[in-house]
Protein chains: 2
Amino acid sequence: MKAFIAVDIGGTQIRVAVFPEQGTTPIQQQRIRTVAEGQTAVERMIGLIEELWPTDAEVVSIAIAAPGFLDPKAGVVVTAPNIAGWVNLPIAEIIRSHFHVPVYLGNDANLAAMGEWHFGAGRGYSDILYITVSTGIGGGLIAGGHLVEGAHGMAGELGHVMAEPGGPLCGCGKRGHLEAVASGTAIARYMAEKIAMGLPTVFAPGSTPTAKETAMAANQGDSLSIEAFNRAGFYLGRAVADFLHILNPELIIFGGGVSLSGDTILLPIRKSLEEHVISPEYLKNLTITRTVLGDDSGLLGAFALMLSKLEQA
Amino acid sequence: MKAFIAVDIGGTQIRVAVFPEQGTTPIQQQRIRTVAEGQTAVERMIGLIEELWPTDAEVVSIAIAAPGFLDPKAGVVVTAPNIAGWVNLPIAEIIRSHFHVPVYLGNDANLAAMGEWHFGAGRGYSDILYITVSTGIGGGLIAGGHLVEGAHGMAGELGHVMAEPGGPLCGCGKRGHLEAVASGTAIARYMAEKIAMGLPTVFAPGSTPTAKETAMAANQGDSLSIEAFNRAGFYLGRAVADFLHILNPELIIFGGGVSLSGDTILLPIRKSLEEHVISPEYLKNLTITRTVLGDDSGLLGAFALMLSKLEQA
């Protein structure tokens, strides 16, 4: 029997799943915290892979979904701001030399797009825009039936496009990016600012609700919370219109915590998209939906990457 | 002997070239005006193809580069604003039923990108951003060694991304698009406005210089003309930074009349690009260059399209 080991590493947790050749149900899977005293994240990742290593199956390959900037071709994490010490880390070579099987590396959002394409909301489509809206905004692109990684694996940074020149500071250090006006963090910041200004809302003066709390208040009719989501949706729709003009996808998949608020965010996105698109042709055969794999999209994307490498070989 | 017939149709002229299987030098080529009394553009196109039809070679296929919105898969021109009556025109089927060979259709800017990739500045690259800046702004994308057409062939509309919210009216009817602030038309409009306001310049009061005349004046040190190009370059660089974040190309090719002004436009583009990119990694292995095929990129792109269809068959 053949087995494939998928790894999804983030700032908070490391997940490892062992997949059989058929189906998408792992033979084994486990998650541990990324950070622990006396161990590096790489040591913990290796330990967890060893623990789950199948004794009755031949491991074909290992694929790692990682955050930050990385060079998938070189197998190097250039910078991963959420994982201490991961700068120019040749992670693929480290893991390969330990386990002696081929190791592939991919950006977590790109692989999430790949996962949705192979196993989730994107099955059967060739041109897909995957956009995840949570604390940050990231994305992954499928164009003409191929994952768009870019020359050095840095494609799909959909949160870092100009949304409002001179606007709020973005996590990347630039101003006015989509992530700075439409992420969960941006929604929470907008609420804190307006509450501090004394605008009418169900939230107590001086409170700092999260995006999730804001979504719940919006659902109960709180006008400030509705306005916070309308504003984020306006910017998301305007940016997505640009993405349509650039890429002309047939499917948009929204992932991430903010998309869980459903119509609270999706309706303003659609309204803004219709307002900003240059031709109704872009919307005519366009489906807009939400992730079906949720948190598993990274692991399943890593698995899909290994299957596609097998086909290419 | 085998022959391939490439057609490039625009609002002003129709060009037809007959290519042999090897090399990029046409066996025959000719151009005529698109508009003439008593004939439709389609009739003129058919007439010119008939005229150049080789008697001593077998025509493998015909490929047409056309402007506007089109659906390459269906072979239909949806709208071509510069060609009268071209609305939902099944041009591929019309030409196929007349000449009884396979007919392919492509957006002119997408095919220009394809031409540069196969025969021009893009040879040997896999991830290319082609951007043409003339009266309008258009583009074509190569990602991972594949032309990005989008689900319905409407990808690459790089002129219609938001550059300045609330900014000048764009040809498409929306405000603030890149084309509305950085095309040759936008440069000329900026000059006319500033001259009308009485700003110091070599141009006479009330004059309305073209982008080309503005470029010449900029080269001779006219400060208003330099400012007009700096402004266009600022917007182009900021938009290209977004394109890098989305697509991470290794090569950018500038085409179109405005790019002929060389450093007058390229230096401000580079400056703005360096200012707006979120990581120097995007620029590290990035080459920025100009088209080498110039006006022939559409014809050669149509030829490249036919060769690639032959490989797929």
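This is a predicted model: local features need pLDDT of at least 70, side-chain atom pairs count only at pLDDT 80 or more; totals for chains, interfaces and linings use all residues.
Reader: Which residue meets the side chain of A:Arg15 in a salt bridge?

Author: Residues are numbered from 1 along each chain as its sequence is written, and chains are lettered from A and ligands numbered from 1 in the order in which they are written. A salt bridge is a side-chain nitrogen of Lys or Arg within 4 Å of a carboxyl oxygen of Asp or Glu. At 2.7 Å, N to O, the partner of A:Arg15 is A:Asp296.

Reader: How many residues apart are A:Arg15 and A:Asp296?

Author: Helices (H or I, at least four residues) and strands (E, at least two) are DSSP runs, numbered from the N terminus. A:Arg15 lies in strand 2 (residues 13–20) of chain A, and A:Asp296 in the loop between strand 13 (287–290) and helix 10 (297–312) of chain A. The pair links distant parts of the chain, and the separation is 281 residues.

Reader: What is the average twist from one strand to the next in the open sheet of three strands of chain A?

Author: This sheet has the order 5-6-7 with antiparallel pairing, where two strands pair if DSSP finds at least two bridges between them. Its edge strands, strand 5 (69–71) and strand 7 (87–89) of chain A, each pair on one side only. Angles run from 0 to 180 degrees between N-to-C directions, with axes fitted to C-alpha atoms, for helices over the stretch in contact. The average twist is 15 degrees.

Reader: Which residue in strand 6 of chain A is the bridge partner of A:Phe69?

Author: Strand 5 of chain A and strand 6 (residues 76–79) of chain A run antiparallel and are joined by three bridges. In strand 6 of chain A, A:Phe69 has as its bridge partner A:Thr79.

Reader: Which residue in strand 8 of chain B stands opposite B:Ile64?

Author: Chain B has an open sheet of five strands in the order 3-2-1-4-8, with mixed pairing. Its edge strands are strand 3 (28–33) and strand 8 (103–107) of chain B. Strand 4 (residues 58–66) of chain B pairs with strand 8 of chain B in the parallel sense over five bridges. Opposite B:Ile64 stands B:Leu105.

Reader: What angle does the direction of helix 3 of chain B make with that of strand 8 of chain B?

Author: Helix 3 (residues 108–119) of chain B packs on the sheet and touches strand 4 and strand 8 of chain B, contact being heavy atoms within 4.5 Å. Its direction makes with that of strand 8 of chain B an angle of about 100 degrees.

Reader: What kind of axis relates the two copies?

Author: Copies are superposed by least squares on the C-alpha atoms of residues with pLDDT of at least 70 in both. Chain A can be laid on chain B with an RMSD of 0.1 Å by a turn of 180 degrees and a shift of 0.0 Å along the axis. The two copies are therefore related as by a two-fold rotation axis.

Reader: Which helix gives the most to the side of chain A that touches chain B?

Author: The count between chain A and chain B is zero salt bridges. The elements giving two or more residues to this side of chain A include strand 10 (137–143), helix 7 (223–247) and helix 8 (263–276) of chain A. With six residues, the element that gives the most is helix 7 of chain A.

Notes
Side-chain values use heavy atoms; hydrogens and water are left out.
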